[in-house]
Amino acid sequence: MGQGTAESNSTHSGAQVSLLRTFFRTLALMILLLIILFNYKNLIQFYSAFSIANAMTHIDLNQLLEKGFILDIAFFLIVTLSLHALWAVIITISCRPWFLSIADDIVRTQIWFILLLLHLILALAANSLLYPTSLLGIFRNSPLVSIPFISLLSLILFSNFLYGVMSLIFPYKGLANILGATLMCLLLVTFWIFDVPNGQARVNSDQPNIFIIGIDALRPDHLAYRGADFSLAPKLNTLLSQASVYDKTYTPMGRTYVAWMSILSGLYPTNNGARFNLAPPELVQKPFPLVEALSRRGYQTTYAMDERRFNQIDEEYGFDSVVGPKVGAADAIIANLADLPLVNLLINTPVGQYLFPYLNINRAYGKTYDPQLFNKRVVTSLSTTAPNFLAIHFCQLHWPFTSKDFVELDSNQWQGNYNHYMYKAMLKKVDMQVDNFITQLKSKGMLNNAEVILLSDHGEGFKLPEDKLTASTPGKHKLNVSAWGHGTNLLAQEQSEVLLAHLSYRHGKPVNKAVQISGLFSLIDIVPTLRSIMKLPQTARIDGQPLPKAKHQALDERMVFVESSLPIGSVNASFIDEKKVLSETASLYEVRENGRAVMKPEAYQNNIARKQRAVYYRKWQLVLLPDNDGLILANIQTQKWQYLNSYHGSAPWKLMLTSLCEHFKYDAGVIHSEACSKISKIAY
């Protein structure tokens, strides 16, 4: 009897030593595996995290050593290593029940290796199933990537782990531990599968919910009201068929942050201070008077966006809360390091928003972005007792047009333009996302009394043949009138023209007139429209004007101003190379102590002189180019352009030029420009 007890104690003692050795062996292999996977990704991806980091060396090294930036990178690395260490603990505990009954070290090693291999197979298979565009989705299209196989293997390994846990808590109760582990596993699976539904919101019916819904880069000419194929965006087209749509609407500038600054301030960039993305916060006007006024009315104010590398609007702008990934210069680096199975599998879990704040609901990390999860996070953040003001922006349609799922090639739609093909594929995805969002709002009772503004912040250039303006006198002039991207060329009309529509909901249904209103409109018109609807007193300057409710109210004498961002040569390649873009622009930016990148104040002021500027009036566009390239007059209806100095028609170009010079009169390079100097001497 005593001898048996001693042998048992010896076995248990040996098992404990063996488990400790097993843990360190597992952890060492985990670290080695991370190194191997990281190098494998560097070999197969178009550009690596190292190349991005190398491009960022155009930013002074001292800036990359800012406290916030270093802490963000360090936090990600520590979390990643800690999770793999925890994984090693799970594998080690899973080995314990086997080690207790087996004394042979060779057999123990074999059991450990089998369990380790099964865990790795499960992680890679699950990653390949959920996120097939991951660079490590190496099992995609294999028999291992099936729900039955992954579910069965998960159940087996999880039960084995729970059995190991219970063997620690209740030693020497083998059968009871097996049954207990199985029961716990089933209860956890049931809890995971079934979600508790949320009740309807109790909304103050006296004050409407206000929703400004932005869709990044959405071109109006890809929607049915402009004659596009209805099937490209069926849900959006159905929604717009019930809306008041403002036909000729322009963004003040084709960049997301600048556009949203105008959307929420009602001011042109010249008056709100936001002339570029990543503007120094001390140079822009904030908070937004509209947001403050609604807060005083008892509204909960929320800003939501699923990609924030170039849009830093947050609580400092007056919002009660912000939904979206964390803002910071570390975003690009972390997104290029993050494609690891364990990281990917945890990003979209409830704990993922705390462990990976830069990756959770981040459309820029397209490999794992879940549109419905973003929608759910936004809707659940809304108040159920107070009226809501929500400004939300969906970025799936933004370059580089990728998602967690592969896009199937349709030979009938392929026309040799890769970016445009992918854009149309992503348009269908954002169409479903917006429809899901509207459906969630309805199910919560949020549209029982609501005002909804639907818009895009800018268009997108693909150098399509139908987009290009043609010279009035062919062969005599050479001018770049088309370009890729947005905010790069004001003569590329598709970059500046945007969607703008309004719906009024009562009892979950639109009650406004379904009408298409002609005229000239701008995104700066949203604030005065909402102030008019809400009968808010006008206490601050506004450049926009309330949107008309019917066709006959549209004015034909309005002028609308648009400006460009910086000209970037690497954007005009047939395929945009992020590394080259970053190399070309990185020296303009600095990283501040909070970890955020902003344009250097001195570069900010100097680069204003490099902008293109334009004014729209009736059917005409007048463009002032930098570097003395001259004035360009374009007829938007006929899609013809020519240099103003060779024009002899009846276009009101003098009136347009006077307004253009007046609007941008404080900009470097404008007030003393030859064109503006001459126009000031002309008598009317």
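Me: Two strands pair if DSSP finds at least two bridges between them; I'll need that further down. To start, what is the mean pLDDT of the chain?

Reply: This is a predicted model, where local features need pLDDT of at least 70, side-chain atom pairs count only at pLDDT 80 or more, and totals for chains, interfaces and linings use all residues. Residues are numbered from 1 along each chain as its sequence is written, and side-chain values use heavy atoms, with hydrogens and water left out. pLDDT is the predictor's confidence in each residue, from 0 to 100. In this chain 84% of residues reach 70 or more, and the mean pLDDT is 86.

Me: For residues 1-17, how many contacts beyond four places in sequence does the model have?

Reply: Over residues 1-17 pLDDT stays under 50, as it does over residues 570-575, which have 16 such contacts. Where pLDDT is low, the predicted coordinates should not be read in detail. Counting a contact as heavy atoms within 4.5 Å, the number for residues 1-17 is 8.

Me: How far apart are the end C-alpha atoms of residues 73-99?

Reply: The unreviewed UniProt entry annotates residues 73-99 as "transmembrane region", along with 22-40, 111-131, 143-163 and 175-194. Those positions use the numbering here, feature names are shortened, and annotations may be inferred rather than shown by experiment. In the model, residues 22-40 are 100% helix and 0% strand, with end C-alpha atoms 26 Å apart. Residues 73-99 are also 100% helix and 0% strand, and the distance between their end C-alpha atoms is 39 Å.

Me: Moving along to helix H16, what distance do its end C-alpha atoms span?

Reply: Helices (H or I, at least four residues) and strands (E, at least two) are DSSP runs numbered from the N terminus, and H16 covers residues 418-443. The expected span of a helix is 1.5 Å times one less than its number of residues. H16 has 26 residues and so should span 38 Å, which agrees with the model's 38 Å.

Me: How many of the residues in H16 are buried?

Reply: Buried means under 20% relative accessible area, exposed over 50%, and partly exposed in between (1.4 Å probe, protein chains only). H16 is mostly covered, and glycine 445, with a positive phi near 80 degrees, follows the helix. Of the 26 residues in H16, the buried count is 19.

Me: Which strand pairs with E11 over 7 bridges?

Reply: E11 (residues 500-506) has 6 of its 7 residues buried, so the rest of the structure largely encloses it. Strand E2 (residues 244-250) runs antiparallel to E11 with 2 bridges, and serine 244 stands opposite histidine 502. Isoleucine 453 also stands opposite histidine 502. The antiparallel partner with 7 bridges, at residues 449-456, is E6.

Me: In the hairpin of E11 and E12, which residue takes a positive phi?

Reply: E12 (residues 509-510) is joined to E11 by 2 bridges, and they run antiparallel. Arginine 506 has lysine 509 in E12 as its bridge partner. There are 2 residues between the strands, and the one with a positive phi, near 55 degrees, is histidine 507.

Me: How far apart are the sulfur atoms of cysteine 661 and cysteine 676?

Reply: A search of the whole structure finds 1 disulfide, meaning a pair of cysteine sulfur atoms within 2.5 Å. It links distant parts of the chain, cysteine 661 in helix H21 (residues 653-663) and cysteine 676 in helix H22 (residues 674-679), 15 residues apart. Both cysteines are buried, and the link is left-handed, with -90 degrees about the S-S bond. The distance between the sulfur atoms of cysteine 661 and cysteine 676 is 2.0 Å.
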